[in-house]
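Student: I have a new structure open and want a quick walk through it. Can we go part by part?

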Amino acid sequence: MKIGIVCYPTFGGSGVVATELGKALAQNGHQIHFITYQQPPRLDFFNENVFYHEVNIPAYPLFQFPPYETALASEMVNVVLNENVDLLHVHYAIPHASAAYMAKMILRSQGRHVPVVTTLHGTDITLVGKDASYEPVVTFSINESDGVTAVSENLRQDTYAHFNITREVEVIPNFIDLTRFKRQNKDHFKTAICPNGEKLVVHTSNFRRVKRIDDAVMTFYHLRQQIPVKLLLAGDGPERTRIQQLCRELGISDDVRFLGKLDAVEEILSVADLFLMPSENESFGLAALEALACEVPLITSNAGGLPELNIQGVTGFLSPVGDVADMVKNALYILDDENLPRFKENALARAREFELSKILPMYEQHYERVLATN
Ligand code: GMT
């Protein structure tokens, strides 16, 4: 198949899922055309089946808000016509699904039919999409997609609950490439961060409010009063300055490292003992799956799709959103040397259930069904 993939070129989340999916499809012999405004971080290699098309948005003094959606739709039309693309797969509904609808209509007016698959990732439904400013367009463009997938059963249910959806939504969970995400020997790194054999707790995210990083820091603050422990925070975003200030106020800055955006997140996870994801909402929790693959157990909230990934008492623990005391209690239990090896083993076993080779055929079959019926 020749597939056009539209995504945000982000370091985590939907951008990573889209990029890794495209790379895996290319390995399987499909021709993949990425269409986005910047080269996705994990697309830094040559493969004969991978192509990158940059969306250019010419500036004009009148445009207070550059019309990205228009430029994107035009680029999708061009790529389909120039490269003979069979299908467009857009990741994250806003504005990719409506831009794809526009492209589809333009192509149809020229006698060319290209089906569109939309993958819903989370905040496009749970946070941003259901806002009245976007809802009519999101509902319309989901219903006009020829195939719709969601990354968890919880997100599928949320989609039906918040929008008037007439389309079938298929659940295709996030996946992990275990050849890349595996525990590596990084002892020198561990010694540098934890010189006295402290336990290492890690959080990675885009530092948005929905991640509730305060809860991660407060959990660490209480843990630190009971055991020797350090905290690594990887990623960057709007909350970083506030969280750094919180660490200063708590007097814990010497034991907390802010690493900023990182591509090789598996190197950090390789030395971690515990991963914290106390999110307000989380449709799947790809970062938590990456942790499991590196044998790191989880302390998560029980929000969104997290119960579909983290198994209570097996791969870690889930607490009600904001229940820091419960997170501290559970973290102490996991970090006990008697318990930690069992949780690490379970973490890897769970990650194996989401191995790329198990999930990739679900997308391929979805495309085949869409192409056969449209
Ligand atoms: O986590 C984020 O805020 C980024 C966001 C995105 O859209 O890129 O991630 C969402 O999609 C990921 C991939 O499907 C999911 O694993 C994340 O759980 C989801 N984030 C939220 O629902 C908050």
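Tutor: We'll take the domains, then the ligand, the core and a few helices.
Tutor: First, this is a predicted model: local features need pLDDT of at least 70, side-chain atom pairs count only at pLDDT 80 or more, and totals for chains, interfaces and linings use all residues. Residues are numbered from 1 along each chain as its sequence is written.

Student: Okay. Which domains does the assignment give?
Tutor: Domain 1 (2-175 + 355-373) and domain 2 (187-352). The bounds come from an automatic or database domain assignment. The C-alpha centres of domain 1 and domain 2 lie 31 Å apart.

Student: How many residues does the contact take from domain 1 and from domain 2?
Tutor: Domain 1 gives 19 and domain 2 gives 14. Contact here is C-beta atoms, placed from the backbone, within 7 Å. On the domain 1 side, H1, helix H4 (123-126) and helix H6 (153-162) each supply at least two residues. Helices (H or I, at least four residues) and strands (E, at least two) are DSSP runs, numbered from the N terminus. That side of domain 1 has 8 nonpolar, 9 polar and 2 charged residues. Nonpolar means Ala, Val, Leu, Ile, Met, Phe, Trp, Tyr, Cys and Pro; charged means Asp, Glu, Lys and Arg; the others, Gly among them, are polar.

Student: What does UniProt list for residues 11-180?
Tutor: An unreviewed UniProt entry gives "domain: Glycosyltransferase subfamily 4-like N-terminal" there. UniProt positions follow the numbering used here, feature names are shortened, and annotations may be inferred rather than shown by experiment. In the model, residues 11-180 are 42% helix and 16% strand.

Student: And residues 194-347? What's the feature there?
Tutor: The unreviewed UniProt entry has "domain: Glycosyl transferase family" at 194-347. That span is 36% helix and 19% strand, with its end C-alpha atoms 22 Å apart.

Student: Switching to the ligand. Which residues come nearest?
Tutor: Gly-13, Ser-14, His-121, Gly-122 and Leu-286, out of 21 residues around the ligand. A residue counts as near if its C-beta atom, placed from the backbone, lies within 6 Å. Helix H1 (residues 13-27) gives the largest share of the shell, 4 residues. The shell has 6 nonpolar, 13 polar and 2 charged residues. Domain 1 and domain 2 each supply at least three of its residues.

Student: Where does the largest nonpolar core lie, and why?
Tutor: The core has 97 residues, and among those touching the most other members are Met-76, Phe-275 and Ala-291. A nonpolar core is a set of buried Ala, Val, Leu, Ile, Met, Phe, Trp, Tyr and Cys residues joined through C-beta atoms within 7 Å. Helix H11 (residues 286-293) gives the largest share, 7 residues. Domain 1 and domain 2 both give residues to this core, so the core lies between them.

Student: Back to H11. How many of its residues are buried?
Tutor: 8 of the 8, so H11 is largely enclosed by the rest of the structure. Buried means 20 or more other C-beta atoms within 10 Å of the residue's own; exposed is 12 or fewer, partly exposed is in between, and C-beta atoms are placed from the backbone. The cover includes H1, helix H10 (265-269) and helix H13 (340-352). Just after H11, Glu-295 takes a positive phi of about 65°.

Student: Last one: Tyr-367, buried or exposed?
Tutor: Buried, because Tyr-367 has 20 C-beta neighbours inside 10 Å. Tyr-367 is in helix H14 (residues 356-373). Beyond neighbours within four places in sequence, Tyr-367 contacts Met-1, Leu-87 and Val-117.

Notes. Contact = placed C-beta atoms within 7 Å.
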